[in-house]
Each structure stands twice: as structure tokens, then as C-alpha cells.
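The stops below are in the order in which to select them.

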Amino acid sequence: MVKESGYIWGQCCGSTEIELGTVYAAEMGISFFSEINRYTLMDAKVEMFYHLQVAGGSYETIPLGIFEISEANRKAKCLEIKAYDYMVRFEKAFTSLEAIGNAYDFMVLCSTACDVDLAQDRATIETMPNESENLSIYFDNDIETWRGWKL
């Protein structure tokens, strides 16, 4: 690994203004001294963790994210990779549909359409105060991407 080449950063908005309802998209980059063929890394998955030693000497593992490699560039003897978290999967065109359901139903719809595992189960979502509210989406809407779709 090239010293001080690694980074992870997240950005919540695409401009200099605060945008309500936006989501974080994280980027990760790192450079290696390696002869690995850069083409074999495209779309590979990188899981990052931080290990923290706590009182008593044991370690706590803290997940930093799951990233998909989108760029792998060779610079002399180094291989530079850039990867993004799964939020970029929501950047695909929204397929207009008409549906009615609760928050969990729509979360499953989004996660399935974008091939992202849903972190919460139905029981967790049912503990939220607005879980029993019926939500709807109409065929005639201005939603462009799955990421732009907000509950």
C-alpha cells in the first residue's frame, strides 16, 4: 500500500447549498505497489473495516462500508483504485409505476430494483410511528432516478 494514499469521504449534496432529503454517497481510493492486472479489479467489491482496541484489550470491528471498484489505473509501479458505495446503484433510471403500500413495501421495492440488500427487517420498520401510513406513487411523476425517490 502506498503511504497516505487511502481515503474515504462522503458527500451529502451535489452543490454548495444544503439540499433536504439527500443521501450520502461515499468514495474510497487507495494506491498499491502491485503488478495486478487492473482489468481484473473492475466491479470488484471492497469491504472496509476499522478495528478499535477498547478497554480490556479486546477489539471492536467497525464497518466503514462496502464499495465497488469503478476505476483501476496503472501509474508506473502503482495501481490506483477508486470505488463507490452502493448508493451509486440507485442512480439508474426510475421506471414509472403506480403503487400503494407502507414504508417497508416501498423500501423493498427500491432495494430490489437496485440490487441492494435492505438492512432493516419488517419488524424494525413496524416500530416507527408512521409505518402504518399508506404511501402511494402515481404513474405520472417527475422522478428521474431511484436515488431521487424519497419516502
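Predicted model: local features only at pLDDT ≥ 70, side-chain atom pairs only at ≥ 80, totals over all residues.

Residues are numbered from 1 along each chain as its sequence is written, and side-chain values use heavy atoms, with hydrogens and water left out.

**Stop 1: the strands**

Helices (H or I, at least four residues) and strands (E, at least two) are DSSP runs, numbered from the N terminus. Two strands pair if DSSP finds at least two bridges between them.

Select residues 45-53 and 59-75, which are strands β3 and β4. They run antiparallel and are joined by nine bridges. Within this pairing, Leu52 stands opposite Glu60 of β4. The two strands form a hairpin with five residues between them, and in the turn Gly56 has a positive phi of about 95°.

Now show β2, residues 25-33, which runs antiparallel to β5 with seven bridges between them. Here Gly29 has Lys82 in β5 as its bridge partner.

In a regular strand the side chains alternate between the two faces of the sheet.

**Stop 2: the turn between β4 and β5**

Which residue takes a positive phi in the hairpin of β4 and β5? Select Ala76: its phi is near 55°, and the hairpin has two residues between the strands. Most residues other than glycine have a negative phi, and most peptide bonds are trans. Ala76 is exposed, with a relative accessible area of 77%. The classes are buried for under 20% relative accessible area, exposed for over 50%, and partly exposed in between (1.4 Å probe, protein chains only).

A second case is Asp115, in the loop between α1 and α2. Asp115 is not a glycine, yet has a positive phi of about 55°. At a relative accessible area of 58%, Asp115 is exposed.

**Stop 3: helix α1**

Select residues 103-113, helix α1, and colour its buried residues: Ala103, Tyr104, Phe106, Met107, Cys110 and Ser111. Viewed down the axis of α1, they fall within an arc of 160°, so they line one face of the helix. The arc is that of the directions from the helix axis to the C-beta atoms. To see what these buried residues pack against, show β6, α2 (122-126) and β7.

**Stop 4: the cysteines**

How many disulfides does the structure hold? The count is zero, a disulfide being a pair of cysteine sulfur atoms within 2.5 Å. Cys114 is in no disulfide, and the nearest cysteine sulfur, that of Cys110, is 6.5 Å away. Cys114 counts as buried at 3% relative accessibility. Cys78 also counts as buried, at 16% relative accessibility.

**Stop 5: the rings**

Select Phe94 and Trp146, which form an aromatic pair that is edge-to-face, with 4.7 Å centre to centre and 65° between the planes. The structure holds one aromatic pair. Rings of Phe, Tyr and Trp (its six-membered ring) pair if their centres lie within 6.5 Å; planes under 30 degrees apart count as stacked, over 60 as edge-to-face and the rest as tilted. Phe94 and Trp146 are buried.

Then centre on Tyr86. The charged end of Arg89 sits over its ring, 3.9 Å from the centre. A charge sits over a ring if NZ of Lys or CZ of Arg is within 6 Å of the ring centre and within 35 degrees of the ring normal.

**Stop 6: two single residues**

Asp85 lies in strand β5 and counts as buried at 15% relative accessibility. Contact means heavy atoms within 4.5 Å.

Finish at Asn141, in the segment after β7. Asn141 counts as partly exposed at 25% relative accessibility. The C-alpha atoms of Asn141 and Leu97 are separated by 9.0 Å, and the two residues are 44 residues apart along the chain.
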